Amino acid sequence: MWVLQALAIMLSIQAGTLDLVETPPVVASLPAVVPGQLNIPSVLPSSPDLKGPPKHQGTPPKRPVPPFRGGKCVPAARYFLSSDKLQDYLMKTLPPQIENLVKCDDVDLGGMIGSLITTLEDSDVLAILDVTSLLNGGGGLGIGGLLGNEGNEDSSKHSSGSKVAGGLGQLIPEGLPGTDVLGGLLNLGGDKSPGKGLLNGNGLSNIKKPLDDIVEDVSNLKDTVHDKVTNMVPDTIKEPLGDLLKMDIKETVLKLKVSQVTVDSTDIAVGADEIQVLSAVTAIIEGQGLLGPVINLMQFQSQMDVTMRIAVSSNNTQCVNLDVQDTHMQVKEMNIQLIETVKETVPLPVPLPLNSVIPVLLTAKINENMEKSNSCAIVLNDFNNCKNTSGLFSYQVRTAKMSPKGLSILYCVKANIGNKTVPVPGGRLPPDPKNASIAVTISSSTLKTLIKHVAKNSSVQMNDLEAQITYIALASQENNTLRVLYKVDIRKDGEEFATGESKLFISHGSKISNSTLTPDIKLIRSEHTVVPPEAKEEVESIMSEVTKKAWSSFNELYKKMNIPEGVSSNTLTNSNVKLLRSNDLQAAS
């Protein structure tokens, strides 16, 4: 009785023609868990590619977190994490958290199922089944013939509207008042608008009498389903199973609890400014306590979709993290899945679906519970161990942006040299290496900042000579070699005496591991010229001293060089630092 009333109401709502002149008593007894306009959130596409953004409805979404933008500067460093690495992290981290979310006490999935079922006028097992689905051949019971289906029709396909109308029409005694109205309601075959028959009839309020008059036929229908189910199980449990199907389960379902959650699949799509996640979940809900001397466990199985959006956020200027937004759970199906006996576990040949109204109401209620809860949430706090760090260089997040390629973090850089903090000029950074999973790029301006400081602090006095570096430049060479060229102004007794030029060739074999630079630079050779040439012998000693002081100062500073933290859960490991032709430093894996 309740099943057919609910079916008529759902079809009428879809057609937009509901006339609640008289509310059916079962509807009045349902809990007030659905808002005035129930919008169940749409799920992400089932395709692994997940093309297009998810469309969420229902619970108001959180305000999107825009890509983080820090202070105004030209970036001088970058950290890159590929979308593959992001997906690897999420595939490892999300499933256990999704399982805990579905099990969360505040979500109360089991309790909501029990509360809904206890509001029904009829609460035997058969009364809460989706009889229409079963009659359509749903679950493979093979009794779709009652609806006019051919016996060899694929039961996995939805029956046409005309066949549904024809099958239910057979349940209505011929000549019964109101038959034409109910028939119009179910006239789905020749029109694209479900429930359009109400527009041509007298409204839903006129079919209550016919619905009341077919109670006996519905009872016969239940008996048919009952017989089909019990005929498919071993003889040893036919009788107890039959008793169970007719048992009032109100007291049992009040003690329902989620016992097991399995994440069957997870699809992740990294897009512009966000990551979209769709997980298919199976939840097993068990009743507590024995049901009888032979059958001691009945399980409900819930097929659910959990969807979420993940954006980049930052709680300080040095670190970025992932922020989970708009988490939604959608109950797609509810089934009675398993009957367990004292001696053996006997799975039913097919799951028995619960009435389709139950998943709709559950979806609304558990999302409401989740929204109110302070403990039921997915938090990705292990993605990045945010901590303030200091070193020779300070890195401040300029922008953090997600794209289909991955996560890219750009940094402003300041140098902490000589008891002063000076900004490091930025510029156009080279692209990340092709197919790189993790990459760190540091602008050549960082090295230039170091050698400029070296030049200012490398003056030497010797006897009556004084040498001062007046020009310095660097250039990359083959085999990861850096050439530093500088010019020296040499004065004698305070007057210009000679000009020297030196070239230092420095091998570069540094590595990066766990966000730490392990320096390995060596002075391979040096070349010196003096103008005028006749002063070379006299200034040779002071030129050599300038070289020693400049190299020592540069070597000491470079040993203190640090790199941006990036993401602590995905760091480079023993990666070589390459000196690019642009003089930028880059390491990747």
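Helix α14 (residues 444-456) supplies the largest share of the positive patch, 3 residues. Helices here are DSSP runs of H or I with at least four residues, strands are runs of E with at least two, and both are numbered from the N terminus. The structure is a predicted model: local features need pLDDT of at least 70, side-chain atom pairs count only at pLDDT 80 or more, and totals for chains, interfaces and linings use all residues. Residues are numbered from 1 along each chain as its sequence is written, and side-chain values use heavy atoms, with hydrogens and water left out.

The patch of positive charge lies on the surface and gathers K420, K448, K452 and K456. Patch members have over 30% relative accessible area and no salt bridge, and like charges are joined within 9 Å. Lys and Arg count as positive and Asp and Glu as negative, while His and the chain ends are not counted. Each charge is placed at NZ of Lys, CZ of Arg, CG of Asp or CD of Glu. Accessible areas come from the Shrake-Rupley method with a 1.4 Å probe, and for residues only the protein chains shown count as cover. K452 lies in helix α14. Its relative accessible area is 53%, so K452 is exposed. The classes are buried (under 20%), exposed (over 50%) and partly exposed (in between).

Salt bridges were assigned where a side-chain nitrogen of Lys or Arg lies within 4 Å of a carboxyl oxygen of Asp or Glu. The count comes to 10 salt bridges. One of them pairs K401 with D273, at 2.9 Å from N to O. K401 lies in strand β8 (residues 393-403), whereas D273 lies in the loop between β3 (257-270) and β4 (275-286), so the pair ties together parts that are 128 residues apart in sequence. K401 is partly exposed at 41% relative accessibility. D273 is also partly exposed, at 31%.

A salt bridge within a helix links K365 and E368. The N to O distance is 3.6 Å. Both residues lie in helix α13 (residues 357-372), 3 residues apart, about one turn of the helix. K365 counts as buried at 17% relative accessibility. E368 counts as partly exposed at 27%.

R491 and D489 form another salt bridge, with the closest N and O atoms 4.0 Å apart. R491 is partly exposed, with a relative accessible area of 30%. D489 is partly exposed at 24%. Elsewhere, salt bridges that share partners join E274, R309 and D326 into one network.

Conventions: Buried < 20%, exposed > 50% of the residue type's maximum accessible area, 1.4 Å probe, protein only. Patch = residues over 30% accessible without salt bridge, like charges linked within 9 Å, V, L, I, M, F, W, Y side chains within 5 Å.
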